[in-house]
Amino acid sequence: MSAIVKKRKVDLKCRAFNPEWEKYFFPERFGQAQCLICLKTVAVLKEYNMRRHWETQHQASSFASMSAAERKEAIVKLSGNLQKSTSLFRKQTTAADKVTRASYEVSRLLARRMKPFTDGDFIKECIMVVIDSLCPEKRSAFESVSLSPRTVCRRIEEMSDSVNDSL
Ligand SMILES: [Zn+2]
C-alpha cells in the first residue's frame, strides 16, 4: 500500500464530529458539518475549520451576542428549519435518484456477468417491450433510465474507481 493511501485512511479514522462544535452553529449533517447561519459546509471535521468560519463570518452578527441558552435555542430552531427544507428537497429529487440508481444497478449486473456495454441498449429494449404490455402508463419513467453504451461504460468506470478508493 502506498504512503498516500495509508495517510488518507488514518485521516478518515481520526475525523469524528465533536458535539461541542455546535457552539459554532455547526451541527453534523451526513458526515459533514454545515453552518446553520449561511449553510456553508465544512468537509474536513476539524474544530479549527469551524472556529475559523465562525470567527471570520459570524462573529460580528447578532448570533454572537446571544447568551449560551439563547444560542442553544437558536441552534435547535435553525436545525429544525434546515431539516424541513432538506426533506422537501429530498422529495423532489427522489424520482431522479431512482432513475440514476436503476441505471447504476443494470450497469453493475452487466459488469458482473462480463457482458459488453452495448448490451445496455438491448436490455432497455426488452424492458420497454415488457413495460408497454404491463404498464404503458409508466413508460416515461422507464424511458428516462439511460442504458446507452456510453452511460454504462461511465457508470462501471465510476463504480470501479470508488471500489479502488475504498480499498
Ligand atoms: Zn456560516
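## Basis of the model

Residues are numbered from 1 along each chain as its sequence is written, and side-chain values use heavy atoms, with hydrogens and water left out. In this predicted model, local features need pLDDT of at least 70 and side-chain atom pairs count only at pLDDT 80 or more, whereas totals for chains, interfaces and linings use all residues.

## The zinc site

Cys35 (SG), Cys38 (SG), His53 (NE2) and His58 (NE2) coordinate the zinc ion at 2.0 to 2.3 Å (donors are N, O and S atoms within 2.8 Å of the metal, or 3.2 Å for Na, K and Ca; water is not among the atoms, so sites may look incomplete). The arrangement is tetrahedral because the 4 donor atoms subtend angles of 101 to 117 degrees (four donors count as tetrahedral if all angles lie between 85 and 135 degrees).

The spacing of the donor residues in sequence is C-x2-C-x14-H-x4-H. Cysteine 35, in the loop between β2 (32-34) and β3 (41-42), and histidine 53, in helix α2 (residues 47-58), are 18 residues apart and link distant parts of the chain (helices are DSSP runs of H or I, at least four residues, and strands are runs of E, at least two, numbered from the N terminus). Cysteine 35 is buried at 0% relative accessibility, and histidine 53 is buried at 9% (buried means under 20% relative accessible area, exposed over 50%, partly exposed in between, with a 1.4 Å probe and protein chains only).

## Helix α4

The buried residues of α4 are Gly120, Lys124, Met128 and Ile131. These residues fall within an arc of 75 degrees seen down the axis, so they line one face of the helix (the arc is that of the directions from the helix axis to the C-beta atoms). On the other side, Phe122, Glu125, Val129 and Ser133 are exposed.

## Other cysteines

Cysteine 126 is partly exposed at 34% relative accessibility, as is cysteine 153, with a relative accessible area of 24%. The structure holds 0 disulfides (pairs of cysteine sulfur atoms within 2.5 Å).

Definitions and conventions. Tetrahedral: all angles 85-135°; square planar, octahedral: opposite > 155°, others 65-115°.
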